[in-house]
There are 2 protein chains.
Amino acid sequence: MNLERTIEVATASRTYPVVIGSGTFERRDLWQKYGRASSIAIVTNKTVAPLFLDRLCAALQPLQVPVVSIALDDGEPYKTWASASKIFDALIAARCDRDTLIVALGGGVVGDLAGFVAATYQRGIDFIQIPTTLLALVDSSVGGKTAINHPAGKNMIGAFHQPRAVLADTATLQTLPLRELRAGIAEVIKHGAMASASLFTYLEANMTRLLARDPEALLKVIEESVLIKADIVGSDERESGERALLNFGHTFGHAIEQGLGFGTWLHGEAVGAGMVLAGKLSVYLGMLEQSDLERLDSLVMRAGLPSTPPDFPPAVWLDLMAGDKKSRGGEMRFVVLDGIGRARVVNQDSKQVLKFLLAAGLTEPA
Amino acid sequence: MNLERTIEVATASRTYPVVIGSGTFERRDLWQKYGRASSIAIVTNKTVAPLFLDRLCAALQPLQVPVVSIALDDGEPYKTWASASKIFDALIAARCDRDTLIVALGGGVVGDLAGFVAATYQRGIDFIQIPTTLLALVDSSVGGKTAINHPAGKNMIGAFHQPRAVLADTATLQTLPLRELRAGIAEVIKHGAMASASLFTYLEANMTRLLARDPEALLKVIEESVLIKADIVGSDERESGERALLNFGHTFGHAIEQGLGFGTWLHGEAVGAGMVLAGKLSVYLGMLEQSDLERLDSLVMRAGLPSTPPDFPPAVWLDLMAGDKKSRGGEMRFVVLDGIGRARVVNQDSKQVLKFLLAAGLTEPA
């Protein structure tokens, strides 16, 4: 069995490889191929740095260019302008120029933040993603979405900026905290639910192996996820159509994250409960069978993710969702399921959403 | 004589019109054509707002969409993250979404800042430029360069983001302070010096008319400048080659602006002295005739621009220029002239630059 796979992501602005396998970020041949630069700036966090930074620096050494590294505090609350500003300061202090390569070593927060800095430093420089969480491996490292949070909304400030390459190292998952592993599985469930009934079925049959970090099961779901994502972002890089389907569970999910304060629930946990809510909305709108909702609910629970959202008052729910950047022209946009593996977008105004929240017993009448 | 002209700018990422004429920003037919949006956010400054904001709002009224406006403090010192952040706050407070249109009403600072916000709000929304200074009309409003300054360097954080349209209203120049008019002429001289001997000759013959704001002369130099810029950015949107020639005078110019503190000299004033310096470097390197340098020096002086730079110590010059974002791999890049209307890029290391500065009597030996 070959535990390595390269998937090409072909977007309008750039084509690049996602190299999935064990030990990829330390492979000198890959750095020879993708690492050309006047200097390299590694952006990481204080949790990941002790685990992998030395090994990465050793792998970069044969390139014989200056390497600088910036380790930020770990977690969603640090995906802010203040952190981006620290990176800009470090790049300028190190005289980084337009041929400097940024390397994002970490999970989704590090990737989004380092990607945003790469998108805007001197109007854009190249970067490479080394995702070290399952969530980043299967989702955020692929597709070029970069962003920082604003106190009033997640990912409100950002850019589309595709990486030069993604070195997806499955070995990093062996040290990932279980809670983070579960959060990553949320995005894999999402891919199954919105695009692949076969992936969904695979997850139903292999959740135990996945939670036990079986390398073959991990590689399988990472591959399937990256293929789904590469296909979608290849045809709709800037989310003018089909790419929006990848937001299944995310309108509710972002509301949960923001309502509790960023970092209280992990992004994947909020997406877990958000998917179940979106599934309930799908049933409420007559699009999804109750039995399929139950499959979704059960899979989310078996992954060890919360399937019930926090009980915000109705006005809070509405306010949080109206501020989401997926809302347009006063309407809120939701991705709903037509069945397992089939999704579409619906618009709902605030009255309709309130009716649903009340009917689902998710909130008390005002 | 038809005092209106539309020039198409065709870049890799977008094609858009620059409508040059008197009263363009108030023309309801143009807003019907280019103003579609869920809401409109006008970004301006406290100097420009009292002059034009009401008239702009009146012109937007038939579109029947919500209009919000943000008036920033005026000047280069405010081209910062703090100002961008104020705009983001206002957009979020007004529930602006991905179909919101930003309108930049002002000079280069407003255009760069509003453009940067448009490039990054919710990963990019559309914007329209209404340049109200000569510098913005002939240069900064066209080509999609957006940026904010970092304390350690001008335009260090930014993005390429082309506007949906540029409504270049020559009538706004009638109220422009003379100092700002002169600063704008610096960029027109630049266009002549680096790309068009005939524009340069026209400026030599018509500087008095231009300073008297003769509408025909203004239209002529704006048209010629936009044509030159459109041609260059059309073939090299992201400055991988030819577009760098538009930086003639800017390596020295940015060093002057930053060395004195942003806003002490206007950008155009620094470019005036910077072009004469770059001309001297061209002569020093044996590329330009002394007589052509004298034509350049004389034209800069006739425009009322400084032709002599501040006398920084050598280490300060070198430090300021090494930090410029045009420097690559330790070398500094300069645009030099082969003759009036012909430019090219040369790389110089710091020792060579120091020798030139000493030879030109621009700084004392350490």
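Helix 7 of chain B passes helix 8 of chain B in a left-handed crossing, where left-handed means that the near helix is turned anticlockwise from the far one by less than a right angle, and right-handed that it is turned clockwise. The model is a predicted one, in which local features need pLDDT of at least 70 and side-chain atom pairs count only at pLDDT 80 or more, while totals for chains, interfaces and linings use all residues. Residues are numbered from 1 along each chain as its sequence is written, and chains are lettered from A and ligands numbered from 1 in the order in which they are written.

The axes of helix 7 (residues 197-211) and helix 8 (residues 215-235) of chain B come within 10 Å and cross at roughly 150°, which makes helix 7 of chain B roughly antiparallel to helix 8 of chain B. Helices (H or I, at least four residues) and strands (E, at least two) are DSSP runs, numbered from the N terminus; axes are lines fitted to C-alpha atoms, for helices over the stretch in contact, with angles running from 0 to 180 degrees between N-to-C directions. Angles under 35 degrees count as roughly parallel, over 145 as roughly antiparallel, 65 to 115 as roughly perpendicular and the rest as oblique. From helix 7 of chain B, L199(B), Y202(B), N206(B), R209(B) and L210(B) meet A217(B), L218(B), K220(B), V221(B) and E224(B) of helix 8 of chain B, two residues being in contact if their C-beta atoms, placed from the backbone, lie within 7 Å. This contact of helix 7 with helix 8 of chain B has six nonpolar, one polar and three charged residues, with Ala, Val, Leu, Ile, Met, Phe, Trp, Tyr, Cys and Pro counted as nonpolar, Asp, Glu, Lys and Arg as charged, and the others, Gly among them, as polar.

Helix 10 (residues 267-284) and helix 11 (residues 290-302) of chain B have axes that come within 10 Å and cross at roughly 175°, and these two helices of chain B are therefore roughly antiparallel to each other. Helix 10 of chain B contributes G272(B), M275(B), V276(B), G279(B), K280(B) and V283(B) to the contact, and helix 11 of chain B contributes Q290(B), L293(B), L296(B), D297(B) and V300(B); by class, the residues of this contact divide into six nonpolar, three polar and two charged.

Helix 3 (residues 81-93) and helix 4 (residues 108-120) of chain B pack at an angle of about 55°, with their axes 10 Å apart, and are therefore oblique to each other. The crossing of helix 3 and helix 4 of chain B is right-handed. Here S83(B), A84(B), I87(B) and F88(B) of helix 3 of chain B are in contact with L113(B), F116(B) and V117(B) of helix 4 of chain B, a contact with six nonpolar, one polar and no charged residues.

Between the chains, 30 residues of chain A are in contact with 30 residues of chain B. On the side of chain A that touches chain B, two or more residues each come from helix 3 (81-93), helix 4 (108-120), strand 7 (145-150) and strand 8 (153-160) of chain A, and the largest share, six residues, comes from strand 8 of chain A. That side of chain A has twelve nonpolar, ten polar and eight charged residues. A rotation of 180° with 0.0 Å of shift along its axis superposes chain A on chain B (RMSD 0.0 Å), which is the relation of a two-fold axis; copies are superposed by least squares on the C-alpha atoms of residues with pLDDT of at least 70 in both. The same surface serves both copies, as 100% of the contact residues of chain A recur in chain B.
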